[in-house]
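Subject: Structure handover

Hello,

I am passing on the structure we talked about. Please look through it first, then read the notes below.

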Amino acid sequence: MELWYTEKHTEGRGITIKAKGTLYQEKSEYQEMTVLDTEDFGNVMLLDGLVMLTQKDEFVYHEMITHIPLYSHPNPKKVLIIGGGDGGTLREVVRHQSVEKAVLVEIDDVVIETAKKYFPEVAEGFISPKGEVRVEDGIKYIKESNEKFDLIIIDSTDPIGPAVGLFHQEFYQLCYDRLNDGGMLVAQSESPFIPHMQQVIKDMYGNLGNVFPSVNMYLAFIPTYPSGLWSFACASKKYHPVNDFQESAYNSDNLSFKYYNKDVHKAAFVLPNFVRELFEK
Ligand code: SAM
C-alpha cells in the first residue's frame, strides 16, 4: 500500500509527497509537530500539518533569508533570529566572518529538540559559540530586550497562532527601535501566487512601509512551499539590498552555497508583473 502526505494550499490545489512513514509526532503547547520520512525529500518537518522544511530543499530558504541581507550591510556583527527553531537560519548566519553574535528566539523548544534529532545537518547552527538560543515569545523578547542588532530575521510560521503578531506594524516598530543605524530586517513573506497570501503580503508590506524608509521584496523557488514561488521582505533603515551589495565581504568570506550567489542576489529582486502589481496603489 502506498502512503502519500498531502498539504492543501487552497481548496483547489496542494502538494502530495510519497511517504515511507511517520518518524515522530508530538503535540507541544503551541502546535502539532510531525516528522515524515519521504521518498523524494528525505525527512520532512510539519507544524500543524504544514511543511516547514525538508532535508532536500531547506538550503534554498535558509541561504536566501540570510545571505541576501548579510551581504547588503557593510558590517553586520549582531543578528537576531525570531523563530527559526530548526536551526537552519542560524547555521547560515554564523558562517559570516563579520558576525560576532546571533541570538535565536524560538517560542517552542519541541521544534529545537526535534530538529536536533531528525535534522542534525540543519540544527548544526545550535553548536556555534556565536549563537545564543532563547526559548520564549519573540514579541515578548523584543519588548523587554534592550540589545541592539544590525539585522533582525523573522523566520516564522504563517500568520497563525503565536506568529500572528509577528506580521503587525507595532511589532515592526519594536524591531526598528532595536536596530542600529543602518540596520535591516528580513522576514519570510509567503507566496505571491496563492490568492489568500496576496492579502497577507499587501498588509505586511504596508505595515513595513509605515515603519521603514525602504522595503523590497525578493523571490526564491522552494519546491515544497505553496506554489513553489516564495517571497521575502527586506526592510532597511539605510542600505539598499542591490545597490549596496558587499562584493568585498562576499569575496573574502568565499563561502560555498547550493542556491545563493552574487548574481542570484541581484536577480532575486526582479519581480514579475503580477507580483509588482500587488504593490501598486
Ligand atoms: N521556514 C519555515 C517557514 O517558512 O514556514 C519556518 C521555520 S521555523 C520552523 C518557524 C518557527 O517560528 C516555528 O518553530 C515556530 O514555533 C516559531 N514561532 C512562531 N511564532 C513565534 C513567536 N511569536 N516567537 C518565536 N517563535 C515563533
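A residue counts as buried under 20% relative accessible area, exposed over 50%, and partly exposed in between, with a 1.4 Å probe and protein chains only. The model is predicted, so local features need pLDDT of at least 70 and side-chain atom pairs count only at pLDDT 80 or more, while totals for chains, interfaces and linings use all residues. Residues are numbered from 1 along each chain as its sequence is written, and side-chain values use heavy atoms, with hydrogens and water left out.

Helices (H or I, at least four residues) and strands (E, at least two) are DSSP runs, numbered from the N terminus. Two strands pair if DSSP finds at least two bridges between them.

The seven-stranded sheet

Seven strands form an open sheet with mixed pairing, in the order β8-β7-β6-β9-β10-β12-β11. Its edge strands are β8 and β11 (214-221), each of which pairs on one side only. On average, neighbouring strands of this sheet are turned by 15° against each other, direction ignored. For angles, axes are lines fitted to C-alpha atoms (for helices over the stretch in contact), and values run from 0 to 180 degrees between N-to-C directions.

Within the sheet, β10 (residues 179-188) and β12 (residues 229-236) pair in the antiparallel sense over five bridges. V186 stands opposite C234 in β12. Helix α7 (residues 195-209) packs on the sheet and touches β10, β11 and β12, and its direction makes about 10° with that of β12. Helix α6 (residues 169-177) lies across β6 (78-83), β9 (149-155) and β10, running at about 140° to β10. Contact here means heavy atoms within 4.5 Å.

Cysteines

C175 is buried at a relative accessible area of 0%, and C234 is buried at 1%.

Strand β3 (residues 32-38) is mostly covered, with five of its seven residues buried. Seven bridges join β3 to β2 (residues 13-27), and the two run antiparallel. T34 in β3 is the bridge partner of Q25, and a hairpin joins β2 to β3 through four residues. Strand β3 is also joined to β4 (residues 42-47) by six bridges, again antiparallel. D37 has N43 in β4 as its bridge partner, and the hairpin from β3 to β4 goes through three residues.

Helix α4

Which residues of α4 (residues 109-118) are buried? They are V110, V111, I112, T114, A115 and Y118. What covers them includes β2, β3, β4, β7 (101-106) and β8 (131-135). At the start of α4, a side-chain oxygen of D108 reaches to within 3.0 Å of the backbone nitrogen of V110.

A loop residue

Is S256 buried or exposed? S256 is exposed, because its relative accessible area is 57%. S256 lies in the loop between α8 (247-253) and α9 (262-267). S256 and V94 are 162 residues apart in sequence and 14 Å apart in space, C-alpha to C-alpha.

Regards

Notes: A polar contact is a pair of N or O atoms within 3.5 Å; within protein, one must be able to donate a hydrogen and the other to accept it, and residues adjacent in sequence count only if both atoms are side-chain atoms.
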